[in-house]
Amino acid sequence: MSRAFTHDHPDILQLEAEVLDTRPGAILVEHSPFFPGGGGQLADRGILRWSGGELPVTGLTRDERGLWHTVPGDSLISGKVMLEVEPAFRASMCELHTLAHLVNALVYTQFGGALLTGAQLNADGTFRVDFDLPGADNEALRALEAPLNDIIRQDLPVSAFLMEHTEARAAPGLFRSKAVAPPVGEDGLVRIVEILGLDRQACGGTHLRSTGQSRPARIIKIDNKGRQNRRIKVAV
Ligand SMILES: [Zn+2]
């Protein structure tokens, strides 16, 4: 699997591509500006244009050759296509995903290295993050809202770099999820997302360029999910 186009070109939301393979209602291209979803982040929305018209992209599936794009109906599309990601939806995902890193960093540092057990970004400007936090004080978790907004105001730069997987595994604290880890490329590298001066963690999603690009955030709910887990729900 080649490197994800969105990692190297996070700001390119429109791309002309050659169809590598086709079947009714779906095409495969090697490089696509669409993020296919993963790690709790929703897949991009957008459209596909070709000589026969324009259709919404309703599904994205990666294989070893590239990314399959599904469209409604059974059109057989070939030749050149124009792929266009919906900018507002991508921007919302970048914002929520970056905020999820901030909450993760605060919980990790202030609650004894607690790990993530689940995450889900939503299309309505909210997200939830679950942590392995047996016995945690919910009011203390709710109080993270102030430092969260403080980090937004500090406008810390957000960047990504690649690291050898074995080296990343040996470094403490880069893998924060109890359940899932981001994919390792065929080159043996894993992507690390850094919020300067605050946090580093392995991640394959899309993010803001700096924390100050986020709107202020509110912690709207803390739920106990079983004995072990706390669910933090956040809205912008
Ligand atoms: Zn991320």
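Modeller: Let us begin with helices H2 and H4, which are oblique to each other; please keep in mind throughout that this is a predicted model.

Biologist: Why are H2 and H4 called oblique?

Modeller: Helix H2 and helix H4 (residues 145–154) pack at an angle of about 125°, with their axes 10 Å apart. Roughly perpendicular covers 65 to 115 degrees and roughly antiparallel needs an angle over 145, the rest being oblique, and H2 and H4 are therefore oblique to each other. Their crossing is right-handed, and the contact is made by Leu99, Leu102, Val103 and Leu106 on the H2 side and by Pro147, Leu148, Ile151 and Ile152 on the H4 side.

Biologist: What makes H2 mostly covered?

Modeller: A residue counts as buried when its relative accessible area is under 20%, and 18 of the 24 residues of H2 are buried.

Biologist: How do you know that the span of H2 is close to the expected one?

Modeller: H2 (residues 87–110) reaches 35 Å from its first C-alpha to its last, which is close to the 34 Å expected at 1.5 Å a residue. H2 is followed by glycine 112, whose phi is positive, near 60°.

Biologist: Turning to the sheet, what makes E1 and E5 edge strands?

Modeller: The open sheet has four strands in the order E1-E8-E4-E5, with antiparallel pairing, and strand E1 (14–18) and strand E5 (53–56) each pair on one side only.

Biologist: How do you know that E4 and E5 are paired?

Modeller: Pairing requires at least two bridges, and four bridges join strand E4 (residues 46–50) to E5, the strands running antiparallel. Arginine 49, for example, has glutamate 54 in E5 as its bridge partner.

Definitions and conventions
Residues are numbered from 1 along each chain as its sequence is written. This is a predicted model: local features need pLDDT of at least 70, side-chain atom pairs count only at pLDDT 80 or more; totals for chains, interfaces and linings use all residues. Side-chain values use heavy atoms; hydrogens and water are left out. Helices (H or I, at least four residues) and strands (E, at least two) are DSSP runs, numbered from the N terminus. The expected span of a helix is 1.5 Å times one less than its number of residues. Buried means under 20% relative accessible area, exposed over 50%, partly exposed in between (1.4 Å probe, protein chains only). Axes are lines fitted to C-alpha atoms, for helices over the stretch in contact, and angles run from 0 to 180 degrees between N-to-C directions. Angles under 35 degrees count as roughly parallel, over 145 as roughly antiparallel, 65 to 115 as roughly perpendicular and the rest as oblique. A crossing is left-handed if the near helix is turned anticlockwise from the far one by less than a right angle, and right-handed if clockwise. Contact means heavy atoms within 4.5 Å.
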